[in-house]
Amino acid sequence: MRIINTIIYIVLFFAFGYVKLGKQKEIPKMESICRYLKKHGYLFVVLIVFNTISFAMTFQREEKNIYIERNGYSGEEQNISILLKRGEEKQENVLQVERQRLTEKQREKKMDEAFASLEDTMLGENHSWDQIESDLNFQLDQETFPFDVEFVPDDYDLINGDGYVKNMWEELCIRGYTEDDIENGIATKVTVTLWYGTKSCKKEYEMTVFQRKKTAVEQQFEEVMNSLKDKEKKSIYKEGFQIPTSVDGVEVSLANQSILSSGSILLAGVILIGLLILREKENEKQAEKQIQEKLRKCYPWFVNEMMLLLGAGMQVKHIFSTMIAECGEDMNCQDDREPLIKEIARAKYSMDNGVSEEQVYYQLGRRLKLPCYIKLMTLLEQNVTRGTKGLTGIFETEEMAALEERKNLARRYGEEAGTKLLGPMILLLLVVMLMIMIPAFLSFE
């Protein structure tokens, strides 16, 4: 992974130097790439940050020991996944880490308290040990007493491991008990064993099991796990213990040590850069869409202004100047006309610099993009050579079409507003229904 990080650093170094210090060759594609990188310099920063974090994480494995923290006295035993690796062979094992141990005196005192507590709780709803009629309570408060408890009934056909007493008449008869046994009571016992650490109660099962022959690598893995278990046992009275990252050529690591790795950090950086680029493109699309909506809204105004001023005998060049003057020198209109006025000002600037009117109208229509503006600019372009004769009639027709389009826009915006209000209306309906139904249900109680 460090090699990949280093390659990325080298690429970023040369890219930064090429963009900031070097002179680009006369290659249009390279020039566009350089302009894009200059505009989006923050992408360099994001990639450097994630690559640096990824590079730093590659040094974490160089620690000589792994620290494992135990649970407290009342905690639970942990199963730590240990990953053993040698060459291409891997094996995942489980290291059982017991909770922090009590001293001998503390253990004896706590066990006495636990047995005293069990004598009060294990009877359940029964009043006496001499007359058990209902189920027993096989529970020990683990938060108070950090022991593992094992209940071993003497007769599992009579009392199972959960404390359920099978004392129904039919159940007792099926198990071979006589009427005298039932009447006089059945003597049985329950062995309760509290164990802490290595102390436990055993139960033997007769069986014959042949050991599967192990390979040399598996035998070595078992020896490593035995050595780790020895370290765990030796530190039984400590809050935690350390295990080496390598034992006799076998690499030791925690299987679930961390979800994050150097590679995932770098991948997250690349994904973030991609998301930022997509977000910027989406913002550009939304901005373009808003501009198109503003141009569509102000088209009727533009046609009306052109028709009135052309009817007054004014030339198109002067009409543009009049429209620009309405918004002031900074061309900062407070309504939807701002995008249109800026494009008109750009067209007026081109005329003042000697560009032909036909070319100006053609470029203005293509910049505005909407079909209605393209059609209108095409008409102006065609009438440059023929003069303004008949142009007023054409604009009157366009004005009628623009007004109709304006009605359609108003109708569409109204429908969209109604759709947006549908959600709040449904919420208000639900609130009203709850206000009516809740008191009605409460009145039945």
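Contact here means heavy atoms within 4.5 Å. The structure is a predicted model, in which local features need pLDDT of at least 70, side-chain atom pairs count only at pLDDT 80 or more, and totals for chains, interfaces and linings use all residues. Residues are numbered from 1 along each chain as its sequence is written, and side-chain values use heavy atoms, with hydrogens and water left out.

Tyr-361 is located in helix H12; helices (H or I, at least four residues) and strands (E, at least two) are DSSP runs, numbered from the N terminus. Apart from neighbours within four places in sequence, Tyr-361 contacts Val-316, Phe-320, Met-351, Met-377, Leu-380, Glu-381 and Val-384. With a relative accessibility of 1%, Tyr-361 counts as buried (under 20% relative accessible area, with a 1.4 Å probe and protein chains only). Its C-alpha atom is separated by 7.7 Å from that of Ala-347, 14 residues apart along the chain.

Helix H12 (residues 357-368) packs with helix H11 (residues 338-352) at an angle of about 155°, the axes being 10 Å apart. Axes are lines fitted to C-alpha atoms, for helices over the stretch in contact, and angles run from 0 to 180 degrees between N-to-C directions. H11 and H12 are therefore roughly antiparallel (an angle over 145 degrees). The contact involves Leu-340, Glu-343, Ile-344, Arg-346, Ala-347, Ser-350 and Met-351 of H11, together with Glu-357, Val-360, Tyr-361, Leu-364, Arg-367 and Leu-368 of H12.

Elsewhere, Ser-235 occupies the loop between helix H7 (216-234) and strand S6 (240-244). Ser-235 is buried, at a relative accessible area of 4%. Beyond neighbours within four places in sequence, Ser-235 contacts Arg-70, Gly-240 and Phe-241.

Methods: Parallel < 35°, antiparallel > 145°, perpendicular 65-115°, else oblique. Buried < 20%, exposed > 50% of the residue type's maximum accessible area, 1.4 Å probe, protein only.
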